[in-house]
Amino acid sequence: MTTTPVEQVAARLDDAVRSATAIPQPSAGEDSLTLPLAYEVQRAGLALRSGRGDTTIGVKLGFTSKAKAAQMGVSDVIIGAITSSMEVVDGGEIDLSALIHPRIEPEVAFLLGEDVDPHDPRSVARTAVSHVAPALEIIDSRYRDFAFSLEDVVADNTSAAGFVTGPWTSFAEGRVDLDNRGVILEQDGEPVMTGSTSAILGHPEHALSAAKRMARLYGHGLPAGTILLAGAATPAVPLVPGSRVEATVSGLGRVGVTATGASHG
């Protein structure tokens with residue numbers, strides 16, 4: 001069966017995920033991608049996951065930090081998908097042997113209680129949110145040396161590898177103020193990063209309208225039940241085998257995970 005260049009890149013990335021083996025970046029070879037093609041690769045990769053029964057259950061944003069966006073030379077966020085196989089229970093374990101160079105970062109997660117139509121201007125993502133929670137995201141680039149261009153990382157589903165959500169808090173109008181909440185990331189009980197929710201696009205709620213816009217541009221759905229990871233509140237740190245990582249978001253609570261095994265990086 002003949003495959004397209006998009007399907008070929010998607011298959012290589014899918015193999016890299018399944019075998020925990022780093023591969024060359026498309027931008028480094030003849031498969032150099034434009035941004036629209038990179039999103040096509042992302043969709044093709046998600047279709048391969050879906051074919052194995054791995055259901056898409058949410059979306060995530062990347063480059064929501066001004067500093068990170070400036071470092072990458074980009075002026076807009078990127079969007080990827082999170083799937084059922086990526087979900088780790090709060091207080092549970094993440095097996096590093098299935099990953100290449102895993103890192104972890106603290107985030108804010110939203111839960112949609114209603115459908116959001118990305119193509120309908122009357123459909124407002126913020127009013128569709130039912131709950132909010134502290135979260136951890138595990139990222140794992142499938143590329144050698146954890147190095148990539150904007151197009152590379154989009155094709156790689158924004159390095160999505162795992163996520164943990166803490167206790168959900170009702171997002172009733174006026175009851176939850178997420179502006180400039182303190183964030184602490186701890187490893188084995190010691191703070192390793194501190195930050196603020198304001199690092200997420202200036203305010204985490206800005207991620208809601210951004211997600212709707214990106215979903216419209218690049219074909220993601222936002223049905224009721226969608227989990228939306230708004231972006232990192234601090235830089236990511238490497239996941240160390242045997243370590244316990246916890247994040248606290250002031251006013252929202254605490255979320256944690258333990259790393260087991262050793263990565264292939």
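Which helix supplies the largest share of the lining of the largest cavity? In this predicted model, that helix is α2, with five residues.

**Cavity**

The count comes to one cavity of 30 Å³ or more. The space in the largest cavity is about 130 Å³. Its lining consists of 13 residues, and those nearest the centre are Leu-13, Val-17, Gly-45, Arg-49 and Asn-157. Two helices, α1 (5-19) and α2 (35-51), each contribute at least two residues to the lining. The table gives the lining by class.

| Class in the lining of the largest cavity | Count |
|---|---|
| Nonpolar | six residues |
| Polar | three residues |

In soluble globular proteins, nonpolar side chains tend to be buried together. Here the largest nonpolar core has 53 residues, and Val-41, Ile-79, Phe-110, Val-132 and Leu-178 have the most contacts inside it. The element that gives the most to this core is helix α6 (residues 206-218), with seven residues.

What is Val-132 in contact with, once its neighbours within four places in sequence are left aside? The partners are Val-108, Ala-109, Phe-110, Pro-167, Trp-168, Thr-169, Phe-171, Val-176, Leu-178 and Leu-252. Two of these partners, Phe-110 and Leu-178, are also listed with Val-132 among the residues with the most contacts inside the largest core.

Notes
Residues are numbered from 1 along each chain as its sequence is written. This is a predicted model: local features need pLDDT of at least 70, side-chain atom pairs count only at pLDDT 80 or more; totals for chains, interfaces and linings use all residues. Side-chain values use heavy atoms; hydrogens and water are left out. On a 1 Å grid over the protein atoms alone, a cavity is a set of points where a 1.4 Å probe fits but cannot get out, and a pocket is an open set with protein on both sides within 12 Å along at least five of seven lines; lining residues have an atom within 4 Å of a point. Grid points are joined across faces, edges and corners, and a volume is the space filled by probe spheres set on the points. Helices (H or I, at least four residues) and strands (E, at least two) are DSSP runs, numbered from the N terminus. Ala, Val, Leu, Ile, Met, Phe, Trp, Tyr, Cys and Pro count as nonpolar, Asp, Glu, Lys and Arg as charged, and the others, Gly among them, as polar. A nonpolar core is a set of buried Ala, Val, Leu, Ile, Met, Phe, Trp, Tyr and Cys residues joined through side-chain atoms within 4.5 Å. Buried means under 20% relative accessible area, exposed over 50%, partly exposed in between (1.4 Å probe, protein chains only). Contact means heavy atoms within 4.5 Å.
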